[in-house]
Amino acid sequence: MKTVFVRQERCVGCRHCEVACAIEHSLGRNLLSAIQEKKVSYPRIYVESDDAYQTFPNRCRHCDPAPCMQVCPTGALYRDEETGSVLVAYEKCIQCAVCAMACPFGIISFSQVHELDTNREVNTKCDDCIRRQREGSIPACAEACKTGALIFGDADDLIRTSRIDFTARLIGSRGAEISLPAVPENVSAYRKIMETVAGL
Amino acid sequence: MCDPKTMRMEAEKRSLDRTDQEMNLVTIQDGIETAWDRLSSQQPQCGFGQLGVCCNNCAMGPCRIDPFGEKAKRGVCGADVDTIVARNLLDDLCVGASAHSDHGREVVEVMRETARGQAEGYRITDGKKLQRLAAEYGIPVSGRSNEAIAEDLANGMLEEYGCIKNHLQLSDRAPEPTRAIWEKTGIVPRGIDREIVEAMHRIHMGVDADYVNILLHAMRTALGDGWGGSMIATECSDILFGTPKPLSSEVNLGTLSTDKVNVVLHGHNPLLSEMIVAAAEDPGMKQYAEKKGAKGINLVGMCCTGNELLMRSGVPIAGNVLDQELAIATGAVEAMIVDYQCIYPSIPATAACYHTRVITTSRKAKIPGAEYMEFHPKTALATAKEIIKRAIDAYPDRDPNRVRIPGKPMKLMAGFSEEAICSALGGTYKPLIDAIVAGSIRGAVGVVGCNNPKIRHDYGHVTLAQELIKRNILVVETGCAAIACGKAGLLLPEAADQAGEGLKGVCNLLGIPPVLHMGSCVDNSRILVMAAKIANELGVGIGDLPIGGAAPEWYSQKAISIGTYFVASGVYTVLGIPPKIFGSQNVLTLLADGVKGITNSSFAVEPDPVKAADLLEAEIERKRTALKI
C-alpha cells in the first residue's frame, strides 16, 4: 500500500504543499495560469496550526474501507483498484455533503471543477494525484515538501523506518545507528520560544 | 465568535490596557478587522521564513534550506544556511537603519532650509544645542548668527550620509574603550548611507558568504544608524523644536474627545506634526471648528510622531502601534494624519467604516484609499492649516450613536531627554553613579520597541518594567514601550511605590518616575549618549556598565538595527520575539555568545518578561562584579 506519510515534527507550515496541490488540479497545471483560471483550483491538503504555532498537513488518507464511500448515496466515490486511491466521479456528486460528515479527518470540501461544464460545487477531495501517479510521478504535495514532512512510499517501509528509529533512540546508549536525525537543537529552541509566546 | 463572554475574553486576551480591551471588544462585536484578525488568518506562517532559511534574492531562486538537514542543504548558488540566515538578517537590519536615517536626513534638510529662510513656520529653537553640536563639528560660532551656524551644521551632517571622510563625527561621542573595540574589530561606521549600500552589495550573490563577516558588517551598519542617522534625527529635531524637558500629559484612548474635533497624528517624523500643533492654535481654526458644531480641536499623538509631540509640547498620546485601528473604532476620529513608518496599509479600509479621513503627507508613503496632502517645508504651515480644516469638515459627519470613548485618560510624565535627566540630577551624572556604586540602584535597562500581536498588547513592556524597578533597576524607555508603560501608570512619580526601596528613595528624592520616557525610536540615541557620558565619567567603555536593553514586543526591522547597535555598543539586549535566525545554529551561537568576546555584550531571546528580567538582572550583577561594585 503506497501512501503519503506525514512526519508532523518536520512540518514548518510553509504551505508549499497547498500551492503545489492547487496547481496540479488546475486546468493549466501551471502556477501563473492557475491563479487566473475562472474556476479556481483550491488546495486539497490543509496545513492547519494550533495556538502554539505547531502545524500539521492534513489530507485524505484514502481509507479502506472508506467511510465517505460507504455513505455516498449516489456512488460518486469509488476506489481506483490499481493505486487504492478513493476518487470522485464529479458528475455523480449531488453536493449532499454526507461524505464530509462521515470523514474522520475533516478534509472534504466542495468547489467548482473544470472537468464539469456546470458551476456546481462538488466534492473536491484529494485524488492522490492519480494523474501524476499514472504518469510515473509522486503526488504533488510530497514532491513539493522540502523538509520531508510529506513522503510518498510504501506505508510499511515508511512505518518501518520510524519504528527502527524509535528503537534506536530507545537503545541509543548502546551506540545504535539513528537513521532519522532528531529535530535539531536550534529548531526545537525556536519552537519552545514560540510556545512561550503563545502562552503569554 | 458571537457569544458575549467569548468576545470579552478574546478582547482581554488581546490587550493589557482596559481602554484597549474596550475598543478591542468593539472591533470584535462590529466585525472591524484588526491586526489580531490578520495574524490569525495568516496562520500557519511559513517556517522557512520564520527560521530565516528562505532566500528570495535572485532569479535562480527562491531557495530554502531544509532546517532538518535531510533535503536541500544549499541554495542554487551554493549558499549554505549560515550564509542565507546572516544575509537575510543584514537585509532586514538595513531596512531598519534606512528608515531611521532617512527620517534623520529629512530633519537636517529642513534645518538647512530653515537656516536659509526657506521653511515656513520653522525656527532655531535650541540655539545652545546648535552651538554645542557646531563645536563638535568644528564649525566656528563666535559672532555668527544661529542661521549661519545651522546651515554649516546641516551641511556637515548631510556629509555624514555619503561621506568620504570615513568616519562619523557623532561616533566620537562613544567612550574611548568602546571606540577602541570598534577599531580593533573593523566596525567603525564610515558613513550612514555607505554602510547600507555596502551591505546591499555584500548581499548580492557571490559576494559575502562568510556569516561572521556579514554579521560584523551588520554591526557596522547599525552603528551608522545609532551613532549617525538616529542621533542626527534626535539632535536636529531638538534644535528645531526644542530639547525636551519634564512635563505632564495624558495617555490612552480616553484622550480622544467626545465633543471636539479629534485629529490623530501618527507616524514618526515631527516635521509636519509640529506645524499642525502650531496651526491648531490659530484662533481662526478654533472658530471654524465651533462653526461646524465642535467645542474645539483635540490633537492627540500616536506611535513615535506622538512621542515626539508629547516630549516637546505635551500633546496627549492616544496609544502605540497596535492602537491605530482601535482609535478609529472609537468612531470619534475626524482625521488620522500620517507621515511614515508603522502605518498599517489597511488604515483607509478601517477608516472607511466610519467618517474618519486618513491623510498621507509624505511623497515616500502614499496609501491607496487615503487623501494625499504633500508636505513641503516651504508651505508647511499652510498645509497644516488645510489639513486641520479637512478634519473639521469631517466633524458634522460623525455619528454620535457610534462614538464609544473608553474611559478616562491616564496621567503621565514625559520629556526626559538626556539633558533633562542630567539636569534633574543637578547637572552631573555623579549622583546617579554614586547611587549605582552604593547599590541603591543596581543598574539601568532601556526597554524599547514596538507592539506585536503575537504578544498580548503591552504585556511584555509593562511586566518587564515592573519586574525591573522592583529589583532596583532604573528603566528608561522610548517608542511604543514608553507609551505602554504610560498607559499602565508607570511614568508617574507615584509609580516609585512599585519600585524596590533603593530606587524608590532616589525617585522620591528627585521627584521622577522609576520609568523615564526618553522619546521616540530614533531617540534611542539619547540612551547611547547617556551611557557614553556615564562611561566617560567612570573612564570605562559602555560594555563595562551595569546596563541592558530589551525589546519585549518588537516587530519592526528598525528594532533589529537598534538591538544591534545596542549590542555593538556594549549593551546586552533581550528580545521578546525571536528574530528570523533560528535556522542557523552558527548565527545563533555567534549572536548569543561569540559576540561577548568582542563587545562584552550579546543578544538573548526570552518572551517571558519575568525571565527576561532575570537575565537582565544577572547581566547587571555580572558587570557590577567586574567593576568591583
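Predicted model: local features only at pLDDT ≥ 70, side-chain atom pairs only at ≥ 80, totals over all residues.
User: Which residues make the contact between H6(B) and H10(B)?

Analyst: H6(B) contributes B:Lys129, B:Leu130 and B:Leu133, and H10(B) contributes B:Glu235, B:Asp238 and B:Ile239. By class, this contact holds three nonpolar and three charged residues, with no polar ones.

User: What makes H5(B) roughly parallel to H10(B)?

Analyst: The axes of H5(B), residues 81-115, and H10(B) cross at roughly 20° and come within 8 Å. Since the limit for roughly parallel is an angle under 35 degrees, the angle of roughly 20° makes H5(B) roughly parallel to H10(B). The crossing of H5(B) with H10(B) is left-handed. The residues of their contact comprise 20 nonpolar, 13 polar and three charged.

User: Why are H5(B) and H7(B) called roughly antiparallel to each other?

Analyst: Here the axes of H5(B) and H7(B), residues 146-159, cross at roughly 150°. Angles over 145 degrees count as roughly antiparallel, and H5(B) and H7(B) therefore receive that description. The axes come within 8 Å, and the crossing of H5(B) and H7(B) is left-handed.

User: Which residues of H5(B) and H7(B) meet?

Analyst: On the H5(B) side they are B:Val108, B:Met111, B:Arg112, B:Thr114 and B:Ala115. On the H7(B) side they are B:Glu147, B:Ala150, B:Glu151, B:Ala154, B:Asn155, B:Met157 and B:Leu158. The contact of H5(B) with H7(B) divides into seven nonpolar, two polar and three charged residues.

User: What makes B:Gly331 count as buried?

Analyst: B:Gly331 has 20 C-beta neighbours inside 10 Å. A residue is buried if 20 or more other C-beta atoms lie within 10 Å of its own, so B:Gly331 meets the requirement and counts as buried. This residue lies in the loop between helix H14 (324-328) and strand S7 (333-338) of chain B.

User: Which residues are in contact with B:Gly331, leaving aside its neighbours within four places in sequence?

Analyst: They are B:Tyr354, B:Asp399, B:Arg402, B:Val403 and B:Arg404. Another pair concerns separation: the C-alpha atoms of B:Gly331 and B:Arg123 are 36 Å apart in space, and these residues are 208 residues apart in sequence.

User: Why is B:Met7 called partly exposed?

Analyst: B:Met7 has 17 other C-beta atoms within 10 Å. The buried class requires 20 or more, and the exposed class 12 or fewer. The count of 17 lies in between, so B:Met7 is partly exposed. B:Met7 is found in helix H1 of chain B, residues 4-14. From B:Met7 to B:Lys504 there are 497 residues in sequence and 39 Å in space, C-alpha to C-alpha.

User: How do you know that domain 1 of chain B touches domain 3 of chain B?

Analyst: Two residues are in contact if their C-beta atoms lie within 7 Å. On that basis, 37 residues of domain 1 are in contact with 35 residues of domain 3 in chain B. The elements giving two or more residues to the domain 1 side are H5, helix H8 (176-185) and H10 of chain B. H5(B) gives the most to that side, with 15 residues. The domain 1 side has 23 nonpolar, 10 polar and four charged residues. According to the domain assignment, domain 1 of chain B covers 81-241, domain 2 covers 253-402 and domain 3 covers 416-626. The centres of domain 1 and domain 3, taken over C-alpha atoms, are separated by 23 Å.

User: How many residues does the contact take from chain B and from chain A?

Analyst: The contact takes 28 residues from chain B and 24 residues from chain A. H4(B) gives the most to the chain B side, with three residues. The chain B side divides into 15 nonpolar, six polar and seven charged residues.

Notes: Residues numbered from 1 in each chain as written. Chains lettered and ligands numbered in written order. Axes fitted to C-alpha atoms, helices over the stretch in contact; angles between N-to-C directions. Helix = DSSP H or I, 4+ residues; strand = E, 2+ residues; numbered from the N terminus. Parallel < 35°, antiparallel > 145°, perpendicular 65-115°, else oblique. Left-handed = near helix turned anticlockwise from the far one by under 90°. Nonpolar A, V, L, I, M, F, W, Y, C, P; charged D, E, K, R; others polar. Domains from an automatic or database assignment.
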